[in-house]
Structure formats: C-alpha cells, structure tokens
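This briefing goes through one protein model, topic by topic. Please look over the sequence and the structure before reading on.

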Amino acid sequence: MAMTEDLENYFRGLVPPRSEFLRSLEEEARQERIPIVGPVVGELLFILARVVGARQILELGTATGYSAIHLAQAVEKEIGRVVTLEAEAAMAEQARHNIARAGLAERVELRVGPAQSLMAAMSGPFDLIFLDIDKEGYLPALTECHRLLRPGGLLVVDNTGFQGAADFNQALLADRRWRSVNLLCWLPEHSPEKDGLALAVKVSP
Ligand SMILES: C[S@@+](CC[C@H](N)C(=O)[O-])C[C@H]1O[C@@H](n2cnc3c(N)ncnc32)[C@H](O)[C@@H]1O
C-alpha cells in the first residue's frame with residue numbers, strides 16, 4: 001500500500017494531545033524563543049521513563065521546566081524524583097514557577113549552576129539521564145553521565161544534529177561501555193523540527 005503523500009502534514013495530525021497548561025508553556029517558550037523539546041519528544045521522554053521504570057531521573061538543561069514536567073509525570077509519587085540542572089538563575093526561577101503550577105514541585109529538585117560542576121558533586125545512581133544543555137557541554141558531561149547512571153540505565157540526548165554535538169556523537173559511538181543509536185528525526189514542534197536524537201544504554205562500568 002502506498003504511503004500518504006504529505007507525510008509531514010500527516011504526522012502533524014498525530015502530535016499527542018495535551019493540557020491547556022502544557023500548551024501555554026509551549027506558547028511561552030515560543031514567545032521567548034526558548035528551545036524546548038515540544039510535545040512529541042516530551043511524550044517520548046514520558047514513555048522512555050516509564051519503560052525504564054525510572055525512579056531517579058537526572059536532567060541537564062531545565063529551561064522553563066517543560067521536559068522536567070514530562071519526566072516528573074512519569075515517576076511515581078513519593079518514590080520517584082527528577083533532579084534538574086539549570087545554569088541561569090532567572091530561567092530556573094521560571095521553571096520553578098511552572099513546575100509548581102503543574103503540581104509537581106515535590107517530585108522535582110532544581111539545582112542552579114553549571115551542570116558539569118553540579119554533577120561532579122553528585123552521587124547516583126540514576127535510572128535515566130536526559131542531556132539537553134549547550135551542545136559544547138555534551139562531551140565534557142559524558143563521563144559524569146556514565147558514572148551517575150546505574151548499569152543498564154538510559155541516556156537520552158537531544159539535538160545531536162547540532163554541529164556542537166559532533167565530537168560527543170563520535171565519542172559515544174566509539175565508547176564500548178555504551179550501546180547507542182543516533183537517529184535523524186523529523187519531530188513536529190521540536191526545536192528544531194529536523195534534528196538528531198540519541199539513545200544509549202550503559203552496558204558496562
Ligand atoms: C535546550 S534548553 C533546555 C530545554 C528543556 N530541556 C526543555 O525541553 O524543556 C537548554 C537549557 O540549558 C541551560 N544550559 C546550557 N548550558 C548549561 C550548562 N552547562 N549547565 C546547566 N545548564 C545549562 C540553558 O540555560 C537552557 O536553559
């Protein structure tokens with residue numbers, strides 16, 4: 001059977017439905033030109049966290065809290081928690097406000113500062129790590145991501161199509177302590193819509 005001719009338009013019609021609140025965060029990010037993952041990758045993060053049975057999640061790059069909200073929705077109340085790291089104090093304040101409005105403040109711990117130094121002082125293990133900071137920071141963060149993930153834990157990396165992520169992509173591919181795939185995707189309402197997304201499992205210490 002032939003595929004539909006206008007695949008992009010067709011898939012735009014399949015973007016997950018979401019609350020008015022999440023739509024307002026998407027609008028806020030659009031107006032302030034803040035690159036967030038959008039509804040498709042947001043839902044993907046929720047699904048991946050559930051599949052992994054994640055209780056402890058680490059996010060690098062909070063921005064306004066949109067992806068942290070999806071991750072926090074996936075963890076069980078009172079058992080699970082999302083630790084999210086944001087370099088900019090004003091952005092962190094905006095995220096704190098949004099996360100509280102989502103009723104998820106108790107499940108999210110927001111730490112302010114450069115991810116690399118915050119991670120160096122942290123101990124894991126985390127079940128899932130979502131990497132979404134400045135792309136030049138990806139490679140320097142990889143060693144800490146490996147240390148902080150539990151064996152079998154999942155690393156999800158956004159924006160791997162960016163030039164700044166090129167050395168990270170090569171390092172991840174070459175490192176046999178990970179099994180990984182790097183996908184070229186077309187993701188409606190993701191910033192940008194055509195981009196890469198990497199998934200990696202920690203297979204050895
Ligand atoms: C792409 S946005 C994150 C979007 C967010 N994950 C979402 O989808 O809702 C990247 C954020 O990471 C922050 N950031 C960039 N480099 C950072 C670093 N080295 N440490 C901590 N935060 C960083 C930026 O200030 C920005 O708010």
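Ala-105 sits in the loop that links helix H5 (89-101) to S3. The model is a predicted one. Its secondary structure amounts to 8 helices and 7 strands, and 42% of the 205 residues count as buried.

**Ala-105 and its surroundings**

- Apart from neighbours within four places in sequence, Ala-105 is in contact with Ile-99 and Ala-100.
- Ile-69 is 36 residues away from Ala-105 in sequence, and the C-alpha to C-alpha distance between the two is 9.4 Å.

**Overall dimensions**

- The protein has 8 helices and 7 strands. Its radius of gyration is 16 Å, close to the 17 Å given by the globule rule for 205 residues, so the protein is as compact as a globular protein of that length.
- Taken along the principal axes, the box filled by the C-alpha atoms is roughly 50 × 40 × 30 Å.
- Among contacts with a separation of 6 or more, 71% are between residues 24 or more positions apart.

**The sheet**

- The 7 strands form an open sheet with mixed pairing, in the order S3-S2-S1-S4-S5-S7-S6. Strand S3 (108-112) and S6 are the edge strands, each pairing on one side only. From one strand to the next, the twist averages 15°.
- Strand S1 (residues 56-60) pairs with S2 in the parallel sense, over 5 bridges. Within this part of the sheet, Ile-57 stands opposite Val-82 of S2.
- S2 is mostly covered, with 5 of its 6 residues buried.
- Strand S5 (residues 149-158) pairs with S7 in the antiparallel sense, over 5 bridges. Val-157 has Ala-198 of S7 as its bridge partner.
- In a regular strand, side chains alternate between the two faces of the sheet.

**Helix packing**

- Helix H8 (residues 166-174) lies across S6 and S7 and runs at about 140° to S6.
- The angle between the axes and the distance between them describe two packed helices.
- For helix H7 (residues 138-148) and H8, the axes come within 8 Å and cross at roughly 35°. H7 contributes Tyr-138, Leu-139 and Leu-142 to the contact, while H8 contributes Asp-167, Phe-168, Ala-171 and Leu-172. By class, the residues of this contact are 6 nonpolar, no polar and 1 charged.

**The ligand shell**

- There are 18 residues around the ligand, and those that come nearest are Gly-61, Ala-63, Tyr-66, Ala-87 and Ala-115. Helix H4 (66-74) and strand S2 (81-86) are the elements that give two or more residues to this shell.
- The shell divides into 11 nonpolar, 3 polar and 4 charged residues.

**Backbone exceptions**

- Most peptide bonds are trans, and most residues other than glycine have a negative phi.
- The bond joining Gly-124 and Pro-125 is a cis peptide bond, with omega about 0°. Pro-125 is placed in the loop between helix H6 (115-120) and strand S4 (126-131).
- A cis peptide bond also runs from Ser-191 to Pro-192, with omega near -10°. Pro-192 is placed in the loop between strand S6 (178-186) and strand S7 (194-202).
- Arg-33 is not a glycine, although its phi is positive at about 55°. Its place is the loop between helix H2 (20-31) and helix H3 (38-52). Arg-33 is exposed because 7 other C-beta atoms lie within 10 Å, and a residue with 12 or fewer counts as exposed.
- Glu-78, likewise a residue other than glycine, has a positive phi near 70°. Glu-78 is found in the loop between H4 and S2. It is exposed, with 8 other C-beta atoms within 10 Å.

Definitions and conventions. Residues numbered from 1 in each chain as written. Predicted model: local features only at pLDDT ≥ 70, side-chain atom pairs only at ≥ 80, totals over all residues. Near = placed C-beta within 6 Å. Helix = DSSP H or I, 4+ residues; strand = E, 2+ residues; numbered from the N terminus. Nonpolar A, V, L, I, M, F, W, Y, C, P; charged D, E, K, R; others polar. Buried ≥ 20, exposed ≤ 12 C-beta atoms within 10 Å, placed from the backbone. Rg over C-alpha atoms; globule rule 2.2 N^0.38 Å. Contact = placed C-beta atoms within 7 Å. Pairing = 2+ DSSP bridges. Axes fitted to C-alpha atoms, helices over the stretch in contact; angles between N-to-C directions.
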